[in-house]
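Welcome! Here is a short briefing on two spots in a protein model. Have a look at the structure, then read on.

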Amino acid sequence: MRAFFLSLLAWCLAAPALASQSLPVDTGKVTASLVSSHDSVAPGQSFHVALRTELDDLWHTYWRNPGDSGEPVQINWQLPQGVTAGAINWPLPRTIPTGPIVNYGFEGAPLFPVKFTVDPSVESGSVITIVSEFYYLVCKDVCIPEQGSVSLPIAIGESVEDIGWKTEIDAALAATPKRGDIQGAIQKSGTALEMSFTDLPSGDFSKAYFFPYEQGILGHSEPQLITRGSDGLKLTTTPDYIWDNDVPDMFEGVLTYIEGGQLKGTEVALAVGQSLDIGAAALPKASAGGVTLWTAIIGALIGGLILNLMPCVFPVISIKALSIAKSAHGERSKIKREAWLYTAGVIATFMLLTLFILGLKAGGAEIGWGFQLQSPKVVAALAVLLFVIGLNLLGAFEFGSSLQNTGAELTQKSGAAGSFFTGALAVIVATPCTAPLMAGAVGYALAAPAFVTLVVFLALAIGFALPFLLIAYVPGLLSKLPKPGPWMVRFKEVLAFPMFAAAIWLVWVLSLQAGEDGVLIALSAMLAVGLAVWCFKSKTLISKVIGAAAVLAAIVFPLTVTTSGASSEIISTKVNAESWSPSRVAELQAEGRSIFVDFTAAWCVTCKVNEKLVLNQAETQKLFTETNTAFLIADWTNKDDVIAAELAKYGRAGVPLYLVYSNNSVSPAILPQVLTYDVIKDAIAGE
Amino acid sequence: MTMSKILFSTLAVSALALAAPATAKIATGSNVSDMTVTDSNGVQHNLSDFAGKKVVLEWTNEGCPYVKKHYTTNNMQKTQAMATAEGAVWLSVISSAPGKQGYKSGDEANAWKTDQGAASTAIVLDPDGDMGKAFAAKTTPHMYIIDESQTLVYQGAIDDNRSASPATVEGAKNYVVAAMDDLKAGNAVAVSDTPPYGCSVKYKS
């Protein structure tokens, strides 16, 4: 009512012969009028007329889809000959919750602009009258249908803009959602409705909301849960009845977000079907969430440090440490030089591996850390290498100067090349043991731009080399090392056995990757190594030739190993386990079951430890049975793009990854990499 | 008569057993039973008492223009008479909270029923909104049909003209009549789920 008098006053004050605003009409809770962008228009011209509605405080009217209740604003135009009207340019809607009901509508003074076109045949000098018969339901706690009619005469002749109203109408048109570059898809997945969006403009999507044009697509009063990916956005909500019937190919609506502090909306067509790839997820809370560059660097440093304790690395570096201590007692400058050479070897190898990964990624391959071990050739070569190191530790042979550059020279020589290659070797044997602490950092690094990847891996390399640098630079630390003596020979020989054990493990991995043939080839290569060692003991030319041939065979054999067609056998070792696939997850969710997904690989040590100590325990198996939880295994022993993409979704570049979909949530909980029974139990209970 | 109170022995609409929020929609085809409600005369009914009969639920609010549209044109009363003549139980439900539009005491509800010439079986008073939320009733009117085997077979609008104007009743397709006809002919309900329209239900919260 107050709005009405103000409008009337404004109209009276402005009133020339032909105003660009109609006489306002008070319909009760709303004051309505017509406003025009032009005082007069030329024949053939287009212009805008808007229905302007001023609502009393706290009252609202409704958008084209009114939501749970209500009715849209409606306008009928009575037009003279030669004038045509377009459709309403709807303002951005807001969600208006009332108790459990959510409506889509407007408060304040929404403007409904419509484009009009005057035919060239309309005579100059005439006056046309545009009449709007409008209807709206206006609600606060109660609802009142209101209607009225307003008319606006417009002179035909010269084109004269009305600066005031044109500015307001143009602002309303600018705020009207328009079709942008945003791509969208919509998919019913079990009891959930997933809407995915990519090619997003810059803006704040933390409160994004999708307003569908039609009813029946989604529950208007259900929350739309936001998942942000590096390449897009996913909204998860509840489907409505349309999904029970024939579903069209596409649904349209408006995605709203914040840009520059303002609410903004873009019209999006959602293709019905497979969700779009929104890229690596910003990790859900409570996991390694919020990995920043600094935490990634620190995580990588600590992870690198821990790598030194891994069973396959420890023998290599402990012997190196002792050899430094022995060879350089009292000569700190020499120790420093050795430590830096070792560090250089570590860093160079890490950087080479990183550049290699980046190259493959740039080529479009879906790979992650530990990918080297997805190649049976690399696994076979590593097994042979570990066998060679073991033999060397046992003293079966010593590297001659001609073979020094193989880098496996560990104790006898402490030359520059020796230290450098010890570093390289340590890195190579360390790769299977991606320490749990590093997972977040490595995942972050591989999803980040190339420069960040290099920085994080550099931190990892420095962390890995740190013990040697500390020995070299922290006074007194060196003297804490045990005094060298004959016991070192014994110690060295003992350390051969972890090496053989690691070789056996790799041959087992190979058996899963490449079948019997792979095992045969790897063991034959080891036979060649034995032959070579024996031959080089003799000084005759013939034995040297045979020895060289055997070395060549030991190197070439592993390269001939190929992945066997048979899928991995890991699954058969577990009861009731099924193979993972995104569609299987959706099916099980539709059945309302809880799901445990084990992303694993034969070459992943942490995975094996978790399986042994937690997953395969009777207590855990019983928990899965009692809670009717499906156990899905995603086996990444061999290269698999689907699994790599799923890992990337959770910001990971490697295994293990454990996900639990409890039966009352849509998105999974990410479990820590070191599992316990209680952690699994709580996750299944949805806590 | 004292203020009637809705009593829920078990709020066990079976489909709701697992769904977390109380406002979640019941899927058409779900079994709906074992819900005790109290009518304007203080009589308690359990939905399972009506097994073997069709039950029509109508959410209503006297002050709502969309309800008025169907009562001033006699459309709602005619639909009620048609359904009850076929042996169906018709429950008009008022979920308006005290102090909110449409709230009625038992006596007021009875007076309104007489005044309107309504042919409903009873008016259910649901001032706490429990029944309304169990069915996820959003609007007035909002219609539900439960068949003889206590299965929800229709939910949604009364007809396909979503206007508040009484003039639009004529010529609109009445979904409740159509569903009752389908059931009578022994067929499945062809249109079983439509978006309801009208004023929001005036819940307590």
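This is a predicted model: local features need pLDDT of at least 70, side-chain atom pairs count only at pLDDT 80 or more; totals for chains, interfaces and linings use all residues.

A polar contact is a pair of N or O atoms within 3.5 Å, where, within protein, one must be able to donate a hydrogen and the other to accept it.

**A serine in chain B**

- Let's begin with Ser92(B), which sits in strand β4 (residues 89-94) of chain B.
- Is Ser92(B) buried or exposed? Ser92(B) has a relative accessible area of 1%, and because buried means under 20%, Ser92(B) counts as buried.
- The side chain of Ser92(B) forms a polar contact with the side chain of Trp90(B), at 3.5 Å.
- Leaving aside residues up to four places away in sequence, Ser92(B) touches several others, including Glu58(B), Thr60(B), Tyr71(B) and Gln80(B).
- Ser120(B), Ala122(B), Ile123(B) and Val124(B) are also among the residues that Ser92(B) touches.

**Strand β21 and its partners in chain A**

- Now find strand β21 (residues 262-272) of chain A, which runs parallel to strand β14 (residues 178-179) of chain A, with 2 bridges joining them.
- Here Arg179(A) lies opposite Glu267(A) of β21(A).
- Strand β15 (residues 183-189) of chain A is also parallel to β21(A), through 3 bridges, and Ala185(A) has Ala271(A) as its bridge partner.
- Strand β20 (residues 250-259) of chain A pairs with β21(A) in the antiparallel sense, over 10 bridges.
- In that pairing, Gly253(A) stands opposite Val268(A).

**The turn between two strands**

- β20(A) and β21(A) make a hairpin with 2 residues between the strands.
- Look for Gly260(A) in this hairpin: Gly260(A) takes a positive phi near 55 degrees.

Notes
Residues are numbered from 1 along each chain as its sequence is written. Chains are lettered from A and ligands numbered from 1 in the order in which they are written. Side-chain values use heavy atoms; hydrogens and water are left out. Two strands pair if DSSP finds at least two bridges between them. Helices (H or I, at least four residues) and strands (E, at least two) are DSSP runs, numbered from the N terminus. Buried means under 20% relative accessible area, exposed over 50%, partly exposed in between (1.4 Å probe, protein chains only). Contact means heavy atoms within 4.5 Å.
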